[in-house]
Amino acid sequence: MAQEVANKFIENVCNHLVRNMNITKVEEHFKETIAMQRQSASTSVDFWDLLMINMLYFTENEQAWEQEFLKMLRAKEWLKPSALEEELLMHQMRIRQQVAEQLDAAKDLFHQQYESEEMTEEAIIYDYAYSSAGHSMRMDLLTVLVSTPEQSKILFDADPQETIRIVNGYIAYHTDGLINRTKLC
């Protein structure tokens, strides 16, 4: 029963986050960001690499986000918004450093993928947009939860792992819906 209540709460918060999103503005934002990435690259492969490196960054951030969220759920205590922001910033700085250190190996792996999986620019752009939107939604969701600790403490009665699984499901669902309604290429 507690899990059902938590799931409904998560559903409502996620719906609230996307309810008033203007798809045109989202599409414009992605097009501008992608255009800037394209302009900063000297070749198509460099452009693809930039997008892939960003996806790697978002993936690593997702893991850090999940760890922080799980820690709070298990402790049954929300961090103060400023403390959470500081924690996530520290994770982001560490991840940027890790990604920078792995850059050459990552690019080698990307280049193998481009050939073996016959990746297209359109697929890479959409994967990038999906990763970016998912990252933003995760950050927004956690910000809402820690900013409304009294309402959000309802999640403490549910299973932490299941709660994260449900959150990830809603984020995937909404991100999918959002990105599928945009035309990026």
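Is A75 buried or exposed? A75 counts as exposed, at 52% relative accessibility, where exposed means over 50% relative accessible area, buried under 20%, and partly exposed in between (1.4 Å probe, protein chains only). The structure is a predicted model, in which local features need pLDDT of at least 70 and side-chain atom pairs count only at pLDDT 80 or more, while totals for chains, interfaces and linings use all residues. Residues are numbered from 1 along each chain as its sequence is written, and side-chain values use heavy atoms, with hydrogens and water left out.

**Helix 2**

- The buried residues in helix 2 are I23, V26, E27, F30, T33, I34 and Q37.
- Seen down the helix axis, these buried residues fall within an arc of 135 degrees, so they line one face of helix 2; the arc is that of the directions from the helix axis to the C-beta atoms.
- An α-helix has 3.6 residues a turn, so residues three or four places apart point the same way.
- The other side of helix 2 has exposed residues: K25, E32, M36, Q39 and S40.
- Helix 3, helix 6 and helix 8 are what the buried residues of helix 2 pack against.
- N22 caps the N-terminal end of helix 2, with a side-chain oxygen 2.9 Å from the backbone nitrogen of T24.

**Salt bridges**

- The model has seven salt bridges, each a side-chain nitrogen of Lys or Arg within 4 Å of a carboxyl oxygen of Asp or Glu.
- One of them joins E121 and R38, whose closest N and O atoms are 2.8 Å apart.
- This pair links distant parts of the chain, as E121 is in helix 6 (residues 121-147) and R38 is in helix 2 (residues 23-40), 83 residues apart.
- E121 is partly exposed at 23% relative accessibility, and R38 is partly exposed at 39%.
- Another salt bridge is formed by the side chains of E62 and R138, at 3.1 Å from N to O.
- E62 lies in helix 3 (residues 44-75) and R138 in helix 6, so this pair ties together parts 76 residues apart in sequence.
- E62 is partly exposed at 28%, whereas R138 is buried at 10%.
- K71 and E68 form a salt bridge too, with their closest N and O atoms 3.1 Å apart.
- Both K71 and E68 lie in helix 3, three residues apart, which is about one turn of the helix.
- K71 is partly exposed at 49%, but E68 is buried at 3%.

- A75 is found in helix 3.
- A75 and P160 are 85 residues apart in sequence, and their C-alpha atoms are 10.0 Å apart in space.
- K76 is in the loop between helix 3 and helix 4 (81-101).
- The phi angle of K76 is near 55 degrees, a positive value in a residue other than glycine.
- K76 counts as partly exposed, at 48% relative accessibility.

**T175 in helix 8**

- T175 is in helix 8 (residues 160-180) and is buried, with a relative accessible area of 2%.
- The side chain of T175 reaches the backbone oxygen of I171 at 2.7 Å.
- Leaving aside neighbours within four places in sequence, T175 is in contact (heavy atoms within 4.5 Å) with Y130, A133, G134 and M137.

Conventions:
Helices (H or I, at least four residues) and strands (E, at least two) are DSSP runs, numbered from the N terminus. A polar contact is a pair of N or O atoms within 3.5 Å; within protein, one must be able to donate a hydrogen and the other to accept it, and residues adjacent in sequence count only if both atoms are side-chain atoms.
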